[in-house]
Structure formats: C-alpha cells, structure tokens
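Colleague: I am new to this structure. Can you show me how to read a few of its loop residues?

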Amino acid sequence: MINSKSFIIAFNSVYAAFAISIVMLPLACGCGGETVGTVNGTVTFEGEPIEQGLITFSPLGPGGNSAGGEIVLGKYTVTDLRPGRYGVTVEATKEPKFTSPNDPANQRPKTDEEIRAQYDPLPADTAGKEQELEVVGGVQTLDFKLTSKSKSKR
C-alpha cells in the first residue's frame with residue numbers, strides 16, 4: 001500500500017522534472033531565446049588560399065557581438081555570432097623574419113610599402129579585405145575571394 005507522503009514526494013519529483021523539461025525545451029531546440037551562428041569558409045587571394053591570417057566580425061547594428069578567428073591554409077571558423085549585420089575584415093599575416101641589427105638589409109631606410117609588406121603580404125590595393133554581410137543563426141558558409149588591381153603577389 002502506498003502512503004500519501006510517498007505519493008506526494010514521487011508526484012512532486014515527476015512534476016519538477018516535467019516543469020524543468022518544458023522550460024529547457026525551447027532553449028535546446030533554439031525556438032526561444034537568442035540563437036547564435038557559426039560562420040566558416042575559405043579565404044583566397046587571386047584563387048590561392050591565404051596561408052595564415054585573421055578574420056574579424058564587427059557588428060554594424062544593435063544586438064551583434066564581435067568575434068574572430070584564425071585563417072589557416074585558407075580556411076577559417078568563427079563561432080558564437082549572434083544573427084545580424086556585420087563588417088568583416090580579412091588580414092593576411094606571415095611569419096616574422098628576424099634579422100640582426102648588422103644585417104645589410106637593416107642598414108638602409110625601408111619604404112612604407114616595404115614596412116607594410118613585413119606584416120601584410122597582400123598588395124595595398126587588395127579588394128575584398130573589408131566587406132559587409134548578414135550572419136544568420138546556425139551554420140553558414142561564407143567564402144572570401146580577394147583580388148588585386150595590380151595582380152602582383154608577394
């Protein structure tokens with residue numbers, strides 16, 4: 001025979017589990033609350049993958065959040081972006097070259113272009129490094145195809 005105290009405890013436990021599952025269900029399926037997205041894709045310059053770099057997403061309106069990631073062998077992934085309009089900046093980078101102060105290359109003044117090329121291997125006239133786009137919830141693939149007017153590679 002079930003006593004009333006045991007029945008009430010068992011009922012309250014089942015009721016509490018049911019109530020929690022009802023509250024958590026919209027969050028689990030993305031139906032309530034705020035959804036976030038993951039953006040991935042490729043970054044190329046004149047059809048060739050950018051070996052290494054950085055990609056940054058900056059919100060252009062309310063509700064967005066800043067996020068970014070590394071570009072490795074032409075591929076990137078940025079997670080936890082809220083849906084919205086973003087400005088995207090792509091930067092190629094390269095391994096720093098360390099030289100001694102007595103190296104002949106350090107004996108003459110460098111031009112602005114030479115200094116910039118030490119940090120960014122892409123030509124100054126590269127198109128597509130800054131773009132505006134819409135991020136949606138879920139997984140989204142966005143490829144960035146950078147080009148140059150001079151078509152000179154470094």
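Colleague: Let us start with leucine 73. Is leucine 73 buried or exposed?

Modeller: Keep in mind that this is a predicted model. Exposed means over 50% relative accessible area. Leucine 73 has 63% relative accessibility, so it counts as exposed. Leucine 73 lies in the loop between E4 and strand E5 (75-81).

Colleague: Now asparagine 65. Where is asparagine 65 found?

Modeller: In the loop that runs between strand E3 (52-59) and strand E4 (67-72).

Colleague: Is asparagine 65 buried or exposed?

Modeller: Buried means under 20% relative accessible area. Asparagine 65 has 17%, so it is buried.

Colleague: Which backbone atoms does the side chain of asparagine 65 reach?

Modeller: Look for pairs of N or O atoms within 3.5 Å. A polar atom of the asparagine 65 side chain lies 2.9 Å from the backbone oxygen of aspartate 80. The side chain of asparagine 65 also reaches the backbone nitrogen of arginine 82, at 2.9 Å.

Colleague: Which residues is asparagine 65 in contact with, leaving aside neighbours within four places in sequence?

Modeller: Asparagine 65 is in contact with Phe57, Pro59, Asp80, Leu81, Arg82 and Tyr86.

Definitions and conventions. Residues are numbered from 1 along each chain as its sequence is written. This is a predicted model: local features need pLDDT of at least 70, side-chain atom pairs count only at pLDDT 80 or more; totals for chains, interfaces and linings use all residues. Side-chain values use heavy atoms; hydrogens and water are left out. Helices (H or I, at least four residues) and strands (E, at least two) are DSSP runs, numbered from the N terminus. Buried means under 20% relative accessible area, exposed over 50%, partly exposed in between (1.4 Å probe, protein chains only). A polar contact is a pair of N or O atoms within 3.5 Å; within protein, one must be able to donate a hydrogen and the other to accept it, and residues adjacent in sequence count only if both atoms are side-chain atoms. Contact means heavy atoms within 4.5 Å.
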